[in-house]
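Please read the following walk through a single protein chain alongside its coordinates. The account goes from the overall fold to a cavity and then to a few individual residues.

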Amino acid sequence: MAEPKSSEFHITMFPWFAFGHMTPFLHLSNKLAERGHRISFLLPKKAKPQLEHLNLHPNLITFHTLTIPHVEGLPPATETASEIPIFLVSHLATAMDLTRHQVESAINDLKPDFVFHDFSHWITEITSPLGIKSIHYNVVSAASLAIALVPARKIDKDKPLTEAELMHPPAGYPSSSVVLRPHEARSLTFLELEFGSGLTFFERITTSMKQCDAIAVRTCLEVEEQLCDYMRRQFEKPIFLTGPVLSEAAATMPLEDRWAKWLDGFEIGSVVYCAFGSQYILEKSQFQELVLGFELTGLPFFIALKPPSGTSTVEEALPEGFEERVRGRGVVYGGWVQQPLMLSHPSVGGFVSHCGFGSMWESLMSDCQIVLVPHLGDQILNTRLLADELKVAVEVEREESGWFSKESLCKAIKSVMDKDSEVGGYGEEEPRKVERDIGKPRTYEWLH
Ligand SMILES: O=c1ccn([C@@H]2O[C@H](COP(=O)(O)OP(=O)(O)O[C@H]3OC[C@@H](O)[C@H](O)[C@H]3O)[C@@H](O)[C@H]2O)c(=O)[nH]1
Ligand SMILES: [O-]c1cc(O)cc2[o+]c(-c3ccc(O)cc3)c(O[C@@H]3O[C@H](CO)[C@@H](O)[C@H](O)[C@H]3O)cc12
């Protein structure tokens, strides 16, 4: 009699060389390892020491490093997207494609049951002949995918779409609120640009999603049911939803003492925290307007942002006299903080976010009121999802040029933080959060 097939799988992870991708792939690996599955995680050499502390199951999750070849146009020794400006990432995609023979030899040696991948459109040429299932795991919202990266979005390399055409969602797109406004259409022009040698971003991702055995998305039905259904119809294949898959490693560490002590000095739910993710850098004038907007609220605040362009510290970029005026109630910090722990500190009651997909989930899973200031493509769509479709956040009003004033930021913050306001108003006993209760995320299917 044949041996019964083991229900524990061996899975190879091969994410895009950006921390916004490798980190959620590792969180998913932790969840799968919790269920007894074994993971071989392929990543650039330099990324390994930065991710090791997030590996909660070193007995089951093994890192396999890749040597990233040099590609003309990239600074020497570049291995991840966080080391280069955004306009150079296309060359990093070329470098990723050049690791193909290393990936092929790893897969041949490891013989996994599944390969989870995202930006390697060629992976099925390796997995299919070996009978290995490939899963394209998307770490961005279903909204961002459904509006831009589906077969119904007709993109012809030889006839680029105009901004007006890009603004219109593809045929059958199910939402009238998760859409771009006319002046935002340019945020999708990158779809038609080369991403790696000889193919566009659109071609890379849609080829990968068409050829894989199944698509997975880091989302849940409560938040994106219709959009996931649309994706399933577009690609005519199963869509597996993983839920938000947040880091459990982060929750086990304490918040840095200096920040915990500072926050302890304020009333419950009174401090507004602000951060815009790992990539975006504000212009100096917009940075100054932002901090002045916080000053105007009169509320305690903690801003963790990179120094704006043209400066090397946040201190040198602050407006005249700002530090003295907000001393004791406001911090502007130019370094990295433990965001999930900041959001769960009892004194923090508001989060001003760029709505990157990681921050979007962290804000939804926290008790904070949410104010959104999106900057790039998918952040705008995530913002529309939270503010206009789910109505659990408030978006800061911008001018057509993209500029937001200190007054509009202050107005948005006060609208959610003010006890007497319509959205943020206190009920009988507890502060009433903008309606939000997604409880345990519901997924279509989950890899057991
Ligand atoms: O000071 C900080 C700032 C940020 N963070 C963490 O860094 C992560 C940032 O990830 P986000 O997805 O929110 O934003 P990023 O801008 O870094 O990511 C980018 O790539 C992935 C896309 O989905 C995002 O939309 C895009 O903005 C969050 O998990 C957040 O908790 C900190 O821990 N400390
Ligand atoms: O900006 C984006 C707008 C949009 O509508 C869709 C996407 O999709 C993806 C994407 C991410 C992961 C996938 O498996 C598929 C699609 C985006 O990814 C980002 O692309 C950048 C290239 O311009 C890259 O630098 C960044 O690291 C990716 O996270 C962006 C959008």
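What percentage of the contacts in the chain with a separation of 6 or more comes from residues 24 or more positions apart? In this predicted model, such residues account for 69% of those contacts. The secondary structure comprises 18 helices and 13 strands.

The overall dimensions can be set against a simple expectation. A compact globule of 448 residues would have a radius of gyration near 22 Å, and the chain, at 22 Å, agrees with that. Along the principal axes, the C-alpha atoms fill a box of roughly 70 × 50 × 45 Å. Of the 448 residues, 55% count as buried. The chain has an accessible surface of about 20,000 Å², and carbon and sulfur atoms contribute 53% of this surface.

Next comes the empty space inside the model. Rolling a probe the size of a water molecule over the atoms shows where such space is left. There are 2 cavities of 30 Å³ or more. The second largest cavity has a volume of about 50 Å³. Its lining consists of H27, N30, K31, E34, L56, L246, S247 and E248. Helix α1, spanning residues 19-34, gives the most to this lining, with 4 residues. By type, the lining of the second largest cavity divides into 2 nonpolar, 3 polar and 3 charged residues.

Two residues stand out by their backbone angles. Most residues other than glycine have a negative phi. C355, although not a glycine, has a positive phi of about 65 degrees. C355 sits in the loop between β11 (348-353) and α16 (357-365). K391 is also not a glycine and has a positive phi, of about 55 degrees. The loop that holds K391 runs between α17 (377-389) and β13 (394-395).

The last stop is R100, which lies in helix α4 (residues 100-110). R100 counts as partly exposed because its relative accessibility is 27%. Beyond its neighbours within four places in sequence, R100 is in contact with W122, E125 and I126. P15 is 85 residues from R100 along the chain, and the C-alpha atoms of the two are separated by 13 Å.

Note on methods. Residues numbered from 1 in each chain as written. Chains lettered and ligands numbered in written order. Predicted model: local features only at pLDDT ≥ 70, side-chain atom pairs only at ≥ 80, totals over all residues. Heavy atoms only, no water. 1 Å grid on protein atoms, 1.4 Å probe; cavity = no way out; pocket = protein on both sides within 12 Å on 5 of 7 lines; lining within 4 Å. Points joined across faces, edges and corners; volume = space filled by probe spheres on them. Helix = DSSP H or I, 4+ residues; strand = E, 2+ residues; numbered from the N terminus. Nonpolar A, V, L, I, M, F, W, Y, C, P; charged D, E, K, R; others polar. Rg over C-alpha atoms; globule rule 2.2 N^0.38 Å. Buried < 20%, exposed > 50% of the residue type's maximum accessible area, 1.4 Å probe, protein only. Contact = heavy atoms within 4.5 Å. Areas by Shrake-Rupley, 256 points an atom, 1.4 Å probe, with all protein chains shown as cover.
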